[in-house]
Structure formats: structure tokens, C-alpha cells
Amino acid sequence: YARCWRLALALTSMIPCMALTGGVLNMFETRYTQRSLKHIADAGSIAEEVISTIRTAHAFGNQRTLSALYDSHIASSHALDVKSAAATGIGVSFFFFVIYSAYGLAFDFGTTLVIHGHATVGVIVNVITAILIGSASLAMLSSEMQGTTWAHHKIIPMSSDTPSLSHLSCPRSSSQAVGHNRPCPTHRFPS
């Protein structure tokens with residue numbers, strides 16, 4: 001906004017479109033991935049049980065039944081992956097449509113501003129780059145926040161644990177330290 005507020009204001013209209021498109025795309029991707037992984041986990045559980053009780057399954061002749069059950073979970077996972085691919089393709093194509101529409105708006109309005117003397121070409125390119133990269137980053141923010149949430153729940157509790165070895169239990173100076181140091185041979189490898 002500091003460089004050319006007119007163009008920045010016009011391009012700001014694209015930010016909600018990009019954020020909405022990115023959010024909807026992430027929602028569908030997450031939904032289909034979770035369902036697919038559930039089917040894969042169920043198929044893995046069946047395979048694990050069958051392998052652990054292979055003699056029992058062979059004795060009762062359940063190989064075909066258990067194989068069909070395993071295959072049904074794999075087929076369900078494949079069907080969900082196909083739907084996920086279609087949803088991702090549609091979402092990404094709409095996202096690029098919004099981006100290219102923003103470029104069209106930016107170059108059209110930017111040319112008008114240059115012709116009327118309100119901005120220079122360098123300022124127009126600067127504003128286009130700043131607004132479109134910023135809005136694309138906002139669109140992908142929801143998928144990045146999922147990783148941050150996972151890290152918050154997994155890493156923060158680990159970092160608050162007190163270690164069993166403390167720096168206070170070590171000697172303060174090298175004269176108090178007792179040990180046997182010997183130089184290790186260094187190997188040189190040709191590059």
C-alpha cells in the first residue's frame with residue numbers, strides 16, 4: 001500500500017478468493033486423505049492378523065475370504081484416492097484461474113495507472129509481486145497450521161521435560177575433569 005495504494009487496493013479483492021480456494025482445497029484433501037488412510041490401516045490390521053495366525057487361516061480355508069476382505073479395504077482406499085485426485089485437480093485449476101485473473105487485473109489496471117502517471121512500471125511490478133505472493137501464502141496457511149498444531153502437541157511437552165543429565169553436574173573447569181583422551185586417526189577419502 002505504501003508503493004501504490006490504488007493497485008494494491010484493486011488486488012486486495014483477490015485475497016479472499018485465493019484464501020477461500022486454498023481453504024476448500026485443503027479441506028477436501030484432508031478429508032479424503034484421512035478416510036483413505038483409515039482403510040489402509042484396516043487392511044494392514046487384517047494382513048497382520050492373517051500373518052500372525054497363518055496356520056489357523058490355512059486350516060479353516062479362510063484365505064479367499066480374508067483376501068477379499070483385505071482387497072475390499074484396498075479398493076475403498078483406491079476409490080477415495082481417485083476422488084481426492086479429482087478434487088485436487090479441480091481445486092488447483094480454480095486456484096490458478098484466480099491467480100491468472102489477478103495477473104490480468106493487475107496488468108490491466110497497472111497499465112492504466114502508468115498511462116495516467118500515477119505509478120511507474122517498477123512500482124507496478126513490485127506491488128503485483130508483493131500482493132500475489134502474500135495472498136498465495138495466506139491460501140496455503142491452513143495446511144501449514146496443521147503441521148504446527150501437531151508440533152505443538154508433540155514437541156512442546158518433550159521440551160518441557162527435565163533431562164536426567166544436567167550441565168550443573170559436570171565439573172566447572174577442565175582441571176577437575178578426569179578422562180583419557182587419545183587422538184583418533186583421521187581418514188582421508190578421495191573426493
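Predicted model: local features only at pLDDT ≥ 70, side-chain atom pairs only at ≥ 80, totals over all residues.
Local features need pLDDT of at least 70 and side-chain atom pairs count only at pLDDT 80 or more, while totals for chains, interfaces and linings use all residues. Residues are numbered from 1 along each chain as its sequence is written, and side-chain values use heavy atoms, with hydrogens and water left out.

The chain has six helices and zero strands. Helices (H or I, at least four residues) and strands (E, at least two) are DSSP runs, numbered from the N terminus. Along the sequence, the pattern reads α-α-α-α-α-α. Of the 191 residues of the chain, 19% count as buried. Buried means under 20% relative accessible area, exposed means over 50%, and partly exposed lies in between (1.4 Å probe, protein chains only).

Helix 1 spans residues 5–12. Leu7, Ala8, Ala10 and Leu11 are buried in this helix. These residues lie on the same side of helix 1, because they cover an arc of only 160 degrees around the axis. The arc is that of the directions from the helix axis to the C-beta atoms. Ala8, in helix 1, has a relative accessible area of 1% and is buried. Its C-alpha atom is separated by 7.7 Å from that of Ile128. Ala8 and Ile128 are 120 residues apart along the chain.

Helix 2 (residues 14–52) packs with helix 4 (residues 63–115) at an angle of about 165 degrees. The axes of helix 2 and helix 4 are 9 Å apart. Axes are lines fitted to C-alpha atoms, for helices over the stretch in contact, and angles run from 0 to 180 degrees between N-to-C directions. Helix 2 and helix 4 are therefore roughly antiparallel to each other. Angles under 35 degrees count as roughly parallel, over 145 as roughly antiparallel, 65 to 115 as roughly perpendicular and the rest as oblique. Helix 2 and helix 4 make a left-handed crossing. A crossing is left-handed if the near helix is turned anticlockwise from the far one by less than a right angle, and right-handed if clockwise. By class, the contact of helix 2 with helix 4 has 23 nonpolar, 11 polar and five charged residues. Ala, Val, Leu, Ile, Met, Phe, Trp, Tyr, Cys and Pro count as nonpolar, Asp, Glu, Lys and Arg as charged, and the others, Gly among them, as polar.

Helix 4 also packs with helix 1, at an angle of about 160 degrees. The axes of helix 1 and helix 4 are 10 Å apart. Helix 1 and helix 4 are therefore roughly antiparallel to each other. The crossing of helix 1 and helix 4 is right-handed.

Ala136 sits in helix 5 (residues 121–139). Ala136 is partly exposed, at 24% relative accessibility. The C-alpha atoms of Ala136 and Ala19 are separated by 7.5 Å, although these residues are 117 residues apart along the chain. Gly23 belongs to helix 2. Gly23 is partly exposed, with a relative accessible area of 29%. The C-alpha atoms of Gly23 and Leu138, 115 residues apart along the chain, are separated by 9.5 Å.

The structure holds zero disulfides. A disulfide is taken as a pair of cysteine sulfur atoms within 2.5 Å. Cys4 is buried, with a relative accessible area of 5%. Cys17 is partly exposed, at 36% relative accessibility.
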